[in-house]
Structures are given as structure tokens and as C-alpha cells.
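Here are my notes on the model you sent. They are set out as numbered points, starting with the two chains together and ending with a single residue.

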Amino acid sequence: MTSFHALLEGFQLAVTPGNLVAAGVGVLLGTFAGMLPGLGISGTIALLIPISFGLDPFTALVIFGGIYYGAAYGGSTTSILLNVPGEGASVVTCVEGYAMARRGRAGAALSVAALGSFFAGMLGLVGLVLFAPTIAGWALAFGPQEYFCIAVLALVVLSGISGQSMVQSGLMVVVGVMLGTIGIDPMTGVERFTMSSDILLDGVSFIIVVMGVYGMAEVLQTAADGDSAVSPPRIAFRDLYPTREELSRSIPAIFRGSVIGFLIGLVPGPSGTISTFLSYAVEKRFSRGRDQFGSGAIEGVAGPESANNGADTSTLIPLLSLGLPFNAGAALLLSGFLIHGITPGPNLVSTRPDLFWGLVASLVVGNVMLLVINLPFVGVFASLLRIPLGILMPLVAVIVLSGTYFIGNNLSDLWLAIAFGVLGWVLKGTGYSVAPLIIGLFLGPLIEKGFIQSMVLADGSLVTLMSRPFSGIMLGAAALFIVIRIGLELRRRFGSAPLEAASAPR
Amino acid sequence: MNSAERSGPAARTVQLAVALALLAGCSFYLYAATGFSFGVWNNPRAGFVPTIAGCIGVALAIGNLVRVWRVGSPGPVELGLSPQRALAFLAVLAAYAALLGKIGFLPATFAATLALLLVSRGMRGLLQTLVIAGAFSAIIWLLFGFVLKLPLP
């Protein structure tokens, strides 16, 4: 059966009335939760995971597809209307989007953002259809050595490009790996770091940590910031039409941004943030309206928004073909799948092609729904932003905490979520990024298992591990990345020292 | 977000405290990891990866502490204008976690929502606060218990 026929069968599953409603609900909830400052895609998925409990697995996948796209767009809405970036990927949208809103062009900015996101999402999904089954086919031949080496490369790259110092992000990765070793060791059956507590015997649940460090931490931060009332502009449907000139300037930017996002999404790390900054730089350099940058250039919205969605979609290629999440949002999506007994990876493509292609189709449906539902309702979403955070955040806090209970029907999980909420609040408040911690927590157990199995198979020889072609390339790339990163750091430190000294006031 | 961005000596103290706490956590982890059998390279045991992770973690935590110490305040501390309100939120959420299994989902959720709204908004619009807490608790009780048919505590 060709991929095309399989995809058509996936659509038969995804477009039943029940699943269409599920996609719509997912997009609406994802957009609304994504608009809450600070949550981002990861926090939004964590917050909304409980609503999928009790649903059949495929409907849950459809909901997650909608939430994933809705959350990304929700962040853009807040950025454009309120100048509040929900996450790193929305920062550059604030610059041009909010400037457009101040000129009365908020509707055009929102519609161009939606169109760009849609196009980039579709491009990413085409890439997913074309490449994921092939990569999954190769990955079937992978042994623990290859998985270990891919995970190591992912962590090394992530440590180097998380937007903070390499020491800080490396430390966060290692703390995540440490948390992942808590509980009964699956290889030896030994109880580790449980402090004789039954709560920790099964380990620290990835989802509970995420609900803590994203959901609960954001609640605490907002509580500490105080109640803030905002007044976004009112937007009528007719305001959504971009002018002919705006449209003609947006199309090349959307195309460039989509390609940039697609490529960056294949690299481990905060691909959304990196791709938006890169796209912004490209538009500022090459677009027709480059002289308007800073005062509301539409290319500065179209390019980065497309790049963000393109990256969010193409990062699903390694997720679905290898079962490895390359950023926190993908890890959250993966955890949502795992809760429903669906394990993405090469085996999903070969043993449950119905689910794999159904998921791809549901992502397409989610992307279309985003355009169909969000644009007409953008005025409603804007008015929802008028609800004071002082009312919203208590409700979010209760949803997060009660949702934590439903993950394992265990009251002790609530205490863990609160503890990780405090940890996330303090870490984020003092400048540490928690995304590397989340990925470290997720990949840590995979690395440990892969490493131990590799060592047993190779009779303890690291040379054997490095001599396998694929794993050798991955480890070589990781080593090269570390060398380059250290070289850049040294050059920055010592190369700029004389300049700093020269320019320092005497 | 309109967080209070603290910098200067106070921020440096907070940054140092966090860096020290991270070092203490990594050191404790490494100490505990050495209690497990390390094994040998061709037969790694339960302490193998934790010991390696602990060593790397301690090294990085020391590097982080030195960096904070030398740079001074590496960035602003953004723990909000009123961390006390966050602590009040924490107290309510802890009470919710404690009460959920004892008094049931609906009463505990109503009490927690009401308390959080009061912490957040104060006594202004008390009737509105009561209505929001009641309606919200009823909606999520219906959603989780009857629509999604999840076992309620």
C-alpha cells in the first residue's frame, strides 16, 4: 500500500463527525490556553491533557493535533494584540505585530499569521508524509547503540543552543537525567533515590513534572505578578482582510519562513524560537518592506509566524519516525500519546499504520480547523483576553492540580506537581530554562537503557560503539558540536576582551 | 509579564542561593549514587549511569556557581512583585492536595477555587467570586465525573 493510499485511509478515520468535533474542540481550547502568557505549547498541552482522559485513543490523538496547532496560534494572538510574548517563539511577532496593531492593522496581522501558519504547517506535513515512513523504515534496523547515540547528540545540541550559557543548560539537562533515574531501575530491579518513599517507586512522571514546571510555575509567577487587566483592540471580521499590497508582500515571506522553520525543526533544541529569529533576520535583510521594520512590517509577522509553525510541524518527523522528541512541545505531545497507549516510533509505522496515518491526517485536519475556526472567531478570542488574569489563573491552578490527579488516580502526585511548580518558578525566575530539564528527563532513561545494552552487546568496548557507522557519525557530530561551541565561547570571551577593555569607561 | 525585575546585590544573593542549592542537590545525588553498585563496563549496574551523571552534574553545578560568583548577577531575578501572594497560592494548593481525598472532589475544588480567587482578587466583588467558584467547580465536576467518566477522589 502506498503512502498516499494509507493517508487516504487515515483521513477516513480522522474526518468522522466525532473526530471533526474533537479537532475543533482541540483547536479552540489550544488557542485559548495558548493565549495565556507563559504557558507556550508545552504548558498548554500539559494543561489540556486531562480533557483527553476517557476518550478513545484515536479521538485523543485528534484532540492533541488540534491543541498543538491551536496553542502555537494562541501565542501569536497575545503577542500581536497585547505585546505579550507567551514564549520565546513569539518575541519577534510582538515587535512587528504589535506595531501593526497600534496602526489599526491587528486584524491583517492576525490573518497573515494564520495563513502563514497554515501554509507552513501544510509544508511540514508534506515533509512528514514523505520522510517519516522512510526514516522509520531505516530506524527499524537501529539497535540500542544508534538510539543511544541519537539521544546523546540531541542532548548535546540542546545544551548548546538553548539560549542561555552552555553550563546552565547543560546543568539543566543533567538535572533532568538525574530525575529520570529515580525509581526502580528497569535493568537491575534496584530501587534508586526513592528515599524509601512509595510515591517515587515508579519514578517521577514526566507529565507531572511538566505540569509542575510549566503549568503550576506559571500560575505562581502570575500570582506573584498580581492581577493585571488588559484591553486588546476590538476586531471585526472585515478587519481581517489584508490589503492587496500586504498580501503580495506576505507571500514570499511566508514561503521563506516556512522553509526556514521546516529545516530548523529537524534540529534538536528550541526550534520555534531559533527559526523565528532567523526568519526575522532574513526578512529584515531581504524583504521588500525592510525599511518599515520596527514600525509594523507585515513580513516581520508573516515570516516568523510561518517559521514557528513550520518548525513545530517538522519536529514531528523525528518524533513520529524515531520516537524521539527534539523539543519540549514534542515531548509533551509524545507524553499525551503514551498516556493513551500509543508509542510513536518505527514500530508504530510498521505495526499500526492505521494509527500513524490517522494521526497524520488528524494533524492536517487540525491545521485546516485552525484556519477555519480561528479566523472567524478571532474577535471572540480577543475579547477573552479581557478576562483578568486574577480570575483566570486560580481556575488554571485548580485544573492543573486536579488534572494531575487524573493522570494516575494518585493523590500523592499532587504534591509532586506542587514541588515541581515551586522548582520551575524559582528556576525560571532566576534565569534558568526548564526546557533542557524536560528533554533530559525524557531522554535520560532512553540513554541509560541504550548505553547499558550497548555496553553489554559490545562487551564494554566504547570503540565498538563508535565503529558502527551511524552511531559513530552521531557521536562524532556531538563531539564536533561541543568543540565548536567551546571554540565560539572562547573566541567570544577572549576575542572581545580587548574591545571591552578599550571601550570601558576609565 | 510585568514582573519585578530585581538586579543588584539582592538578585545576586538569590542567584547564588539557587546556584548553591543546585550544587547541593547534585552533590547529594552523587553521594547517593555511590551507594549503588557501579559494575564494570561490560556489565554496568544500577549505579553506573547515576554516578556518571552525578559527576557531570557536580562539575557543571560548580561551573555555574563560579560563573554566578564571578559575573555577579547574571540576569534579573523575576519572581514577581509580590512573592508572598505566590506563597499564599501555594498554601491553598497544598490544602487542596490534602483535602481532596478527605472531603471529596466537589467541596474541595469549590473551597480551593474560592480561596485562590480571594487571594488573587481580595474581597472586592465577593458575590461574583462566589458565583465563579461555584460555577467553575460544578463545570469541572461534571466534565471529569460525568462527561469523561473519570474516577473522582
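1. In this predicted model, contact between the chains involves 68 residues of chain B and 66 residues of chain A. Together the two chains bury about 5,800 Å², and carbon and sulfur atoms account for 77% of that area.

2. The elements of chain B that each give two or more residues to the side touching chain A are α1 (9-33), α2 (48-71), α3 (83-103), α4 (105-121) and α5 (126-147). Sorted by class, this side of chain B has 48 nonpolar residues, 14 polar residues and six charged residues.

3. How many salt bridges does the rule find across the interface of chain B and chain A? The count is zero. Polar contacts do occur across the interface of chain B and chain A: the rule finds seven residue pairs, with both residues at pLDDT 80 or more.

4. Chain B on its own has five helices and two strands. Read from the N terminus, the order of its elements is α-β-β-α-α-α-α. The radius of gyration of chain B is 23 Å, whereas the globule rule gives 15 Å for 153 residues; the value is well over that figure, so chain B is more spread out than a compact globule.

5. The C-alpha trace of chain B spans about 60 × 45 × 20 Å along its principal axes. Of the 153 residues in chain B, 42% are buried. Taking the contacts in chain B between residues at least 6 apart in sequence, 58% join residues at least 24 apart.

6. One residue of chain A deserves a separate entry. D56(A) sits in the loop between α3 (40-48) and α4 (57-82) of chain A.

7. What does the side chain of D56(A) make a polar contact with? The partner is the side chain of T59(A), at 2.5 Å. In sequence, D56(A) and H340(A) are 284 residues apart; in space, their C-alpha atoms are 8.0 Å apart.

Notes. Residues numbered from 1 in each chain as written. Chains lettered and ligands numbered in written order. Predicted model: local features only at pLDDT ≥ 70, side-chain atom pairs only at ≥ 80, totals over all residues. Heavy atoms only, no water. Contact = heavy atoms within 4.5 Å. Buried area = accessible area lost by both parts, 1.4 Å probe. Salt bridge = Lys/Arg side-chain N within 4 Å of Asp/Glu carboxyl O. Polar contact = N/O pair within 3.5 Å; in protein donor to acceptor, adjacent residues only side chain to side chain. Helix = DSSP H or I, 4+ residues; strand = E, 2+ residues; numbered from the N terminus. Nonpolar A, V, L, I, M, F, W, Y, C, P; charged D, E, K, R; others polar. Rg over C-alpha atoms; globule rule 2.2 N^0.38 Å. Buried < 20%, exposed > 50% of the residue type's maximum accessible area, 1.4 Å probe, protein only.
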